[in-house]
Structure formats: structure tokens, C-alpha cells
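Here is a short report on one protein chain. Keep the structure in view as you read, and find each residue as it is named.

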Amino acid sequence: MGKGGSPLLGYNTNVRHKGKLYHIQTEDSGVHHPHIITHLFADGGRILASKKTSYAEHVGAEDLKATVKKLMQGQHKAMFIALRDG
């Protein structure tokens with residue numbers, strides 16, 4: 001992780017689905033609040049769905065940065081799939 005357990009840079013993606021524009025945002029809260037949160041936005045900011053996952057069991061691991069990045073990527077992709085599947 002970054003110096004002092006700083007959060008990792010998140011992911012932001014705009015996606016068009018069934019003629020509408022959606023925004024998927026995934027962020028890391030850092031080791032002091034070890035969780036990842038993903039929001040699905042529509043209509044310029046209305047949250048349609050959220051997913052929060054703790055990674056507290058990984059804090060202190062040697063490969064924490066890589067683990068958190070992998071968790072973030074997986075959760076971000078899962079929100080795409082959830083949108084696609086309705």
C-alpha cells in the first residue's frame with residue numbers, strides 16, 4: 001500500500017446500457033478502514049447499487065497492494081455484469 005496505508009487509486013468507468021449512460025466507481029478506503037466500495041450511478045449521480053467488501057483479513061500481508069488491486073478489479077467487473085444482467 002502507499003505510505004501510511006494510503007488508499008489505492010480507484011476505478012471509474014462510464015458505460016452505456018440499453019441507451020442509458022451509467023457510471024461505475026470503485027474505491028479503496030485504505031488500511032485504517034479496510035474495505036472496497038463500488039457504486040453504480042445513473043441519471044447524473046443517483047446510486048442504483050452498491051457493494052462493499054472488507055479486506056481486513058489481508059491487512060499486514062506482504063502482498064496487500066496486489067491483493068487489494070485484484071479485489072477492486074473483480075468487484076468493479078462484477079458490477080458491470082450485474083448491470084448487464086439487470
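The chain has one helix and four strands. From the N terminus on, the elements run β-β-β-β-α. This is a predicted model. The C-alpha trace spans about 45 × 20 × 15 Å along its principal axes. Of the 86 residues in the chain, 31% are buried. Look also at the contacts with a separation of 6 or more: 42% of them join residues 24 or more positions apart.

Start with strand β3, residues 35–42. Eight of its eight residues are buried, so the strand is largely enclosed by the rest of the structure. His 35, Ile 37, His 39 and Phe 41 point one way from β3. Ile 36, Thr 38, Leu 40 and Ala 42 point the other way.

Which strands pair with β3? One is β2, residues 20–28, which runs antiparallel to β3 and is joined to it by seven bridges. Here Asp 28 stands opposite Ile 36. Another partner is β4, residues 46–54, also antiparallel, with eight bridges. In that pairing, Thr 38 has Lys 51 as its bridge partner.

Now follow the turns. The hairpin of β2 and β3 has six residues between the strands, and Gly 30 takes a positive phi near 90° there. The hairpin of β3 and β4 has three residues between the strands. In this hairpin, Asp 43 has a positive phi near 55°.

**The nonpolar cores**

In soluble globular proteins, nonpolar side chains tend to be buried together. Which residues make up the largest nonpolar core here? There are seven: Val 15, Tyr 22, Ile 24, Leu 40, Ala 42, Met 79 and Leu 83. β2, β3 and α1 (64–84) each give two or more residues to this core. A second, separate core has six residues, among them Leu 8, Ile 36, Tyr 55 and Met 72.

Val 15 touches Lys 20, Leu 21, Tyr 22, Ile 24, Phe 80 and Leu 83, not counting residues up to four places away in sequence. Met 79 sits in helix α1. Met 79 has a relative accessibility of 7%, so it counts as buried. Leaving aside neighbours within four places in sequence, Met 79 is in contact with Ile 24, Thr 38, Leu 40, Ala 49, Ser 50 and Lys 51. Met 79 and Gln 25 are 54 residues apart in sequence, yet their C-alpha atoms are 9.3 Å apart in space.

Is His 35 buried or exposed? This residue of strand β3 has a relative accessible area of 19%. The cut-off for buried is under 20%, so His 35 is buried. Its side chain makes a polar contact of 3.0 Å with the side chain of Ser 29. Beyond neighbours within four places in sequence, the contacts of His 35 include Glu 27, Asp 28, Lys 52 and Tyr 55.

Asp 28 is found in strand β2. Asp 28 is buried yet has no salt bridge. The nearest side chain of opposite charge, Lys 65, is 9.8 Å away. What does the side chain of Asp 28 make a polar contact with? One partner is the side chain of Tyr 55, at 2.6 Å.

**Salt bridges**

How many salt bridges are there? The count comes to two.

| Arg 46 | Asp 43 | 2.3 Å |

Check the accessibility of each partner. Arg 46 is partly exposed, at 46% relative accessibility. Asp 43 counts as exposed, at 55%. Asp 43 is also the residue with a positive phi in the hairpin of β3 and β4. Arg 84 is exposed, with a relative accessible area of 55%. Asp 85 counts as exposed as well, at 55% relative accessibility.

Conventions
Residues numbered from 1 in each chain as written. Predicted model: local features only at pLDDT ≥ 70, side-chain atom pairs only at ≥ 80, totals over all residues. Heavy atoms only, no water. Buried < 20%, exposed > 50% of the residue type's maximum accessible area, 1.4 Å probe, protein only. Pairing = 2+ DSSP bridges. Core = buried A, V, L, I, M, F, W, Y, C linked by side-chain atoms within 4.5 Å. Contact = heavy atoms within 4.5 Å. Polar contact = N/O pair within 3.5 Å; in protein donor to acceptor, adjacent residues only side chain to side chain. Salt bridge = Lys/Arg side-chain N within 4 Å of Asp/Glu carboxyl O. Lys, Arg positive; Asp, Glu negative; His and termini not counted.
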